[in-house]
Amino acid sequence: MQRTRIKICGLTRPQDVQAAVAAGADALGFVFYPKSPRYVTAAQAGALMSALPPFVSTVALFVNASIDEVRAVAAVAPFAQLQFHGDETVEQCAAIAAAVGRPFMRVFRVRPETTGADLLAEEALCRAASPLFSSLLLDTFVDAYGGAGKVFDWSVIPSELAPRVVLSGGLTVDTVAGAVRQVHPYAVDISSGVEQAKGIKDAAKIDAFSAAVRMADHQA
């Protein structure tokens, strides 16, 4: 049985971090994009990360940030992995990851015309560019940075790529089980789907999301 990993993104409060950990989240995402309603400062994120138990991974989400900006965050908030969610080139992602010595995920925003070959080519490009590349995170293309709660056509994901990707984009408590059964991704990523309001998580929704993923794993 495959165990689908769970990433809860956009955490801003201690109680939400605790809820995600209690629900068995494998990774927690922190947003360092000032225009996001889920933005946290390096100091705020550092305080939240310092309360985490071992073996819960921390992911720092950046949008078009400079090497110096990422370095400044890394000095205060000891994140384990980078997530690039803007218009960064593969070379820029590789350079920033090398500068702070962290692996990185690169977000690929899937458009209606995107093909499976496009996804495989993007992954190959990233792997060739840096040994620190860890995974593509697949999200739905919208004319903005960050998730918009919209789903893309999961059938575009090649079966050989699926076990290596992080699936995002409009997942909810109600849809994630179907996503896990259809796609069999390595991990699922959710932010707005487990919120009461932007940046404010709902512990019951986090619990229900985690339970839905676990149930789908058993049924897969």
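Me: What should I know about numbering and confidence?
Reply: Residues are numbered from 1 along each chain as its sequence is written. In this predicted model, local features need pLDDT of at least 70, side-chain atom pairs count only at pLDDT 80 or more, and totals for chains, interfaces and linings use all residues, while side-chain values use heavy atoms, without hydrogens and water.

Me: How are two packed helices described?
Reply: By the angle between their axes and the distance between the axes. Here the axes of α3 (residues 67-74) and α4 come within 10 Å and cross at roughly 35 degrees. Axes are lines fitted to C-alpha atoms, for helices over the stretch in contact, and angles run from 0 to 180 degrees between N-to-C directions. Helices are DSSP runs (H or I, at least four residues), numbered from the N terminus.

Me: Which residues in α3 and α4 meet?
Reply: I67, V70, R71 and A74 of α3 meet A95, I96, A99 and V100 of α4; contact means heavy atoms within 4.5 Å.

Me: Is A98 buried or exposed?
Reply: Buried means under 20% relative accessible area, exposed over 50%, and partly exposed in between (1.4 Å probe, protein chains only). A98, in helix α4 (residues 90-100), is exposed, with a relative accessible area of 53%.

Me: What is a nonpolar core?
Reply: A set of buried Ala, Val, Leu, Ile, Met, Phe, Trp, Tyr and Cys residues joined through side-chain atoms within 4.5 Å. The largest here has 63 residues, and L82 is among those with the most contacts inside it. Residues that L82 touches include V70, I96 and V100, not counting residues up to four places away in sequence.

Methods. Helices (H or I, at least four residues) and strands (E, at least two) are DSSP runs, numbered from the N terminus.
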